[in-house]
Structure formats: C-alpha cells, structure tokens
Amino acid sequence: MLRFELTTQLLRLRTVIVLLGLAGVPVAAGLAVASSAGRPNGDQGGLFGASPFSALNHMMAGLEFTGPLLLPIVVALLAATVASADRDWGVLRYLYLAPVTRTRLLTAKFAATAVATLLAVGCVLAAGLAVGTVIFGWHPFHLIGAPDLTRGQTVTRIVAATGYTLLCMLAMAAIAFMLGLLLPRGAEAVAAAIAFVVIASVLNGQGAVHAVAVILPVHYWQNWVGLFDPAGATGMGRGALVQVAWIAGCVAVCGLVLRRRDPAA
C-alpha cells in the first residue's frame with residue numbers, strides 16, 4: 001500500500017513541479033544576494049543578514065524564509081492530495097472491497113504523507129545548501145554579533161532546527177490530511193488548508209487575540225530561529241508539545257472517519 005501511495009502521489013507531475021518550485025526559492029534568494037558573499041546582507045540581522053557568509057548560513061536562512069507560509073502551503077497541498085485522491089479518482093470503494101483493511105489503508109496514507117512532508121523540507125534544505133556552496137562557499141556558521149559556531153555546535157543546532165521544523169510541518173500535514181477526509185473533494189481540502197495557514201498567520205500577528213494564537217501550531221513554527229541567535233532559543237519545548245497535540249488530535253479524527261463511515265460521506 002505504501003509503495004502504491006508513493007508512486008501514485010509523489011511521482012505525479014504536479015508534485016514534482018511544486019517541489020521544484022519550492023526548491024527554486026532558496027536558489028533565487030542566493031542569486032539575489034550573490035554580490036554580498038562574505039559580508040552582511042545589507043542592514044538585515046539574524047539568519048537573513050548572515051546568509052551570504054556560508055552555504056550553511058544560506059541553507060538555514062532559506063528555511064526561515066519559506067517556513068512561515070510557503071513551505072506549509074506546499075505540505076498542505078501534498079497531504080490533502082494524498083488523503084483525497086482515491087475518492088476523487090473514484091477508486092476508494094474498490095479499495096474497501098479489496099483485501100485491504102481501513103487501518104492498513106490509513107497507515108499507508110499517513111506514511112506517504114510523512115514522506116511527502118520530509119521531501120518538502122528536504123527540498124528547501126538541499127537547494128539552499130547546493131546554491132550556497134556554489135555561491136558562498138563552505139565556511140564556519142556565522143552569527144551576527146557573536147563568534148562563529150564550532151563544527152559541533154553547527155551540526156547540533158541544524159539537526160535540532162530541522163527536526164523541529166519537520167515536526168511543525170507534520171502538524172500542518174495532519175490538519176490538511178484530516179480536511180482531505182472530511183471535505184467532499186480534494187480541491188476543497190487544499191483550499192481549506194491554505195486558508196487555515198493564512199488565517200492562523202494573521203491571527204498570530206495580532207496581539208488582541210493572543211489567547212487564540214497560542215493554541216494554534218503556526219504560533220510556534222519559527223521558534224527554532226532562536227538557536228542561531230546569541231540570546232538563545234525560547235519556546236521550542238512548548239511548541240513541540242502543541243504540534244504533537246495537533247497531530248494526535250487529527251490522527252484520532254481521521255481514524256474515526258475512516259473506521260465509521262466513508263470519507264466525506
């Protein structure tokens with residue numbers, strides 16, 4: 001089942017185009033700041049300001065740039081498609097008649113969604129690292145206003161940041177997957193998932209609704225950036241708990257939907 005999901009979903013032309021477009025963002029950003037190689041990117045601070053100092057700097061700056069909106073939208077598109085494609089193609093009921101349990105079907109779809117999410121995050125990192133190596137070279141990770149990171153510090157923080165971002169995107173994928181089962185068509189699920197990202201991002205920027213924002217996964221997506229700030233990271237533990245809670249809740253809803261009735265029936 002997993003092989004079927006991966007070959008029918010991840011090898012589709014639309015998926016390839018979306019992932020290539022996502023990878024093109026750090027490539028375009030690298031070309032745009034190529035003239036600043038080896039020195040700060042204008043008056044900007046943080047990862048954006050240090051992006052031209054090395055390939056690793058540029059890679060993490062690309063992740064910060066795509067993380068709030070573009071990356072979750074791509075993840076939502078892929079997850080909602082995995083969840084709803086069989087129904088859209090009219091083969092879902094035939095799968096039910098085949099010797100495939102609903103639990104196995106759901107597990108395969110969850111696994112395919114996780115792989116798609118990993119590929120989306122990996123595309124941003126791989127493209128940023130590749131173009132950064134060509135344009136900026138391989139140098140120690142530079143922090144503006146602080147000493148360069150050692151090799152061990154760099155590896156530890158990049159792994160932590162990547163793992164945290166992957167967990168956050170899995171939460172977004174779980175939400176989109178749930179919508180793909182609940183709504184009648186895949187296009188509606190994709191639209192609803194994208195609307196969720198946009199609306200949650202808007203709410204996250206409004207202090208008046210802070211009590212609402214803190215229960216949304218979007219509120220914590222950029223907490224990993226503090227790993228590369230001299231002041232240190234804050235809120236990653238709570239952010240991880242919120243992401244896990246959303247994943248668990250969405251998985252539970254999906255299990256109920258697929259066990260007790262046909263999706264969107």
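1. A disulfide is taken here as a pair of cysteine sulfur atoms within 2.5 Å, and a search of the whole structure, which is a predicted model, finds zero of them. The sulfur of Cys250 has its closest cysteine sulfur in Cys254, at 6.6 Å, which is too far for a bond. Cys254 likewise takes part in no disulfide, the sulfur of Cys250 being the nearest to its own. With buried meaning under 20% relative accessible area, exposed over 50% and partly exposed in between (1.4 Å probe, protein chains only), Cys250 counts as buried at 3% relative accessibility, and Cys254 is buried with a relative accessible area of 1%.

2. On conventions, residues are numbered from 1 along each chain as its sequence is written, and side-chain values use heavy atoms, with hydrogens and water left out. Because the model is predicted, local features need pLDDT of at least 70 and side-chain atom pairs count only at pLDDT 80 or more, whereas totals for chains, interfaces and linings use all residues.

3. As to confidence, pLDDT is the predictor's confidence in each residue, from 0 to 100; its mean over the protein chain is 88, and 90% of the residues reach 70 or more. Where pLDDT is low, the predicted coordinates should not be read in detail.

4. The secondary structure of the protein chain comes to eleven helices and zero strands, where helices (H or I, at least four residues) and strands (E, at least two) are DSSP runs numbered from the N terminus. The radius of gyration of the protein chain, taken over C-alpha atoms, is 20 Å, close to the 18 Å that the globule rule (2.2 Å times the number of residues to the power 0.38) gives for 265 residues, so the chain is as compact as a globular protein of that length. Its C-alpha atoms fill a box of roughly 60 × 40 × 30 Å along the principal axes, and buried residues make up 48% of the 265 residues. With contact meaning heavy atoms within 4.5 Å, 76% of the contacts between residues at least 6 apart in sequence join residues at least 24 apart.

5. A nonpolar core is a set of buried Ala, Val, Leu, Ile, Met, Phe, Trp, Tyr and Cys residues joined through side-chain atoms within 4.5 Å. The largest such core has 68 residues, of which Leu47, Met60, Leu71, Phe141, Met172, Trp224 and Phe228 touch the most other members. Elements giving two or more residues to this core include helix H2 (13-32), helix H4 (55-66) and helix H11 (236-260), while the largest share, 14 residues, comes from H8. Leaving aside neighbours within four places in sequence, Trp224 is in contact with Leu47, Met60, Leu63, Glu64, Ala161, Tyr164, Thr165 and Met236.

6. Two threonines deserve a separate look. Thr113, in helix H7, counts as buried at 5% relative accessibility, and a polar atom of its side chain lies 2.8 Å from the backbone oxygen of Lys109. Beyond four places in sequence, Thr113 is in contact with Ala79, Val82, Ala173 and Phe177. Thr81, found in helix H5 (residues 70-89), counts as buried at 10% relative accessibility, and, not counting residues up to four places away in sequence, Thr81 touches Gln9, Arg12 and Arg14. The C-alpha atoms of Thr81 and Arg39, 42 residues apart along the chain, are separated by 42 Å.

Definitions and conventions. A polar contact is a pair of N or O atoms within 3.5 Å; within protein, one must be able to donate a hydrogen and the other to accept it, and residues adjacent in sequence count only if both atoms are side-chain atoms.
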